[in-house]
Amino acid sequence: MPPGKGLLKMNVDGLWVNSSSGGFDRRDLSRLSWNAYCWANSTILHKYESIFNFGDSLSDTGNYLRSAGDHAILPTSPYGKTFFGHPTGRYSDGRLIIDFIAETVGLPYLKPYLEVVNGSVDARSGVNFAVAGATALDPTFFAARGIPVMTMTNHSLNVQLDWFKKLKSSLCTTQQGENCKTYFKKSLFLVGEIGGNDYNLAFALGATFEQLRPIVPNVVGAIAKATSMLIEQGAVELIVPGNLPIGCLTSYITTAPPFLKNDANATTGCLNRYNEFAKYHNDYLQRELQVLRQKYSHAKIIYADYYGDTMRLFESPTQYGFSKSTHVACCGAGGPFNFNVRMMCGSTSSVCKDPSASILWDGVHLTEAAYRHMAKGLLDSPFTSPRLVA
């Protein structure tokens with residue numbers, strides 16, 4: 001490189017450009033490592049020609065931003081600061097798992113459905129239907145059973161599926177089904193993560209394990225039904241993620257009742273009872289997916305172990321470049337965990353100097369660095385069953 005021209009950094013389009021910063025920091029090295037990883041996995045870059053994603057804030061790239069009311073908690077600055085340099089509607093400091101998957105298979109970042117449907121954006125390479133705060137079950141389900149739940153959005157999984165059906169005719173022709181059949185054979189579908197908010201938003205208002213454990217079959221049933229519907233619509237390769245280890249999130253650790261805080265894992269500091277609940281959901285989901293595999297033998301239905309993929313970061317943080325203060329949010333309102341449920345991450349928040357050293361961005365969502373490790377775990381296949389890359 002000619003002297004005085006700076007060093008290479010990746011821009012928001014994934015291209016390496018000159019920087020005047022005068023040197024690499026750990027974020028530059030992480031990006032270089034990811035770029036090399038994508039290059040090494042070039043054998044799968046052209047396997048998929050489009051991606052369709054359904055879910056919540058773990059994968060929303062702007063739908064909630066375009067649909068929320070005036071009093072909504074929006075991902076404003078400093079969200080997006082690490083990679084995009086500005087808020088994009090993503091609930092993190094940078095890219096999400098879905099972004100890293102798109103990069104690896106050589107596709108553009110997914111546009112949110114509400115941008116596609118209201119503009120002239122080409123949706124042939126895929127669409128993101130995920131909405132922050134979305135639940136697998138419709139909000140009326142909880143009201144009918146007297147379960148307290150804090151509703152962020154009415155765009156549940158059913159609504160997202162309806163969006164897909166409406167858009168389908170603009171993606172492929174359904175005449176005799178051949179065009180759509182060919183098109184969707186080269187598409188990857190992600191059904192989630194979804195379902196976490198069915199529990200998160202209820203736990204936040206004081207719902208008990210006794211109230212929520214009986215609805216796990218309903219939540220999982222909604223996810224299985226959505227997976228089935230997409231297969232009926234032509235999907236042949238689908239990833240269905242499980243729930244995160246919610247007992248490791250700052251939001252749970254700081255707001256849990258004392259008797260639950262006292263039951264923490266000695267190694268990770270995560271709350272055992274909440275993590276056991278997440279594992280119960282995941283076990284139930286895996287059983288239902290196996291039923292679907294038997295029904296749809298032509299489809300590849302992949303379970304993504306978000307629990308195990310995330311848990312390894314809390315168990316061995318320094319191995320992955322993270323601080324040992326695993327439960328401290330990077331962006332928040334100060335205090336021991338830099339988290340206050342009444343003052344979420346925003347323009348006046350205390351933000352850590354190096355987000356790449358934190359697992360948790362705002363106490364609820366993860367950092368780009370954590371999502372990068374998770375994406376690699378899925379693409380390398382130790383956390384997918386069957387393997388994503390055969």
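1. Helix H8 (residues 196-203) contributes 5 residues to the lining of the largest pocket, the largest share. Helices here are DSSP runs of H or I with at least four residues, and strands are runs of E with at least two, numbered from the N terminus. A pocket is found on a 1 Å grid over the protein atoms alone, as an open set of points where a 1.4 Å probe fits, with protein on both sides within 12 Å along at least five of seven lines; lining residues have an atom within 4 Å of a point.

2. The model is predicted: local features need pLDDT of at least 70, side-chain atom pairs count only at pLDDT 80 or more, and totals for chains, interfaces and linings use all residues. Residues are numbered from 1 along each chain as its sequence is written, and side-chain values use heavy atoms, with hydrogens and water left out.

3. The largest pocket holds about 1000 Å³ of space, a volume being the space filled by probe spheres set on the points, which are joined across faces, edges and corners. Its lining has 42 residues, and Met150, Asn200, Leu201, Ala204 and Ser251 lie nearest the centre. By type, the lining comprises 25 nonpolar, 12 polar and 5 charged residues. In this division Ala, Val, Leu, Ile, Met, Phe, Trp, Tyr, Cys and Pro count as nonpolar, Asp, Glu, Lys and Arg as charged, and the others, Gly among them, as polar.

4. H8 is largely enclosed by the rest of the structure, because 7 of its 8 residues are buried; buried means under 20% relative accessible area with a 1.4 Å probe, protein chains only. Asn197, Asp198 and Leu201 are among these buried residues. The elements covering them include H5, H10 and helix H13 (272-295).

5. Thr135 belongs to the loop between strand S5 (126-128) and helix H5 (139-144). Thr135 is buried, at a relative accessible area of 6%.

6. The largest nonpolar core has 114 residues, of which Ile51 and Leu230 touch the most other members. Such a core is a set of buried Ala, Val, Leu, Ile, Met, Phe, Trp, Tyr and Cys residues joined through side-chain atoms within 4.5 Å. Helix H10 (residues 216-232) gives the most to this core, 10 residues.

Notes: Buried < 20%, exposed > 50% of the residue type's maximum accessible area, 1.4 Å probe, protein only. Contact = heavy atoms within 4.5 Å.
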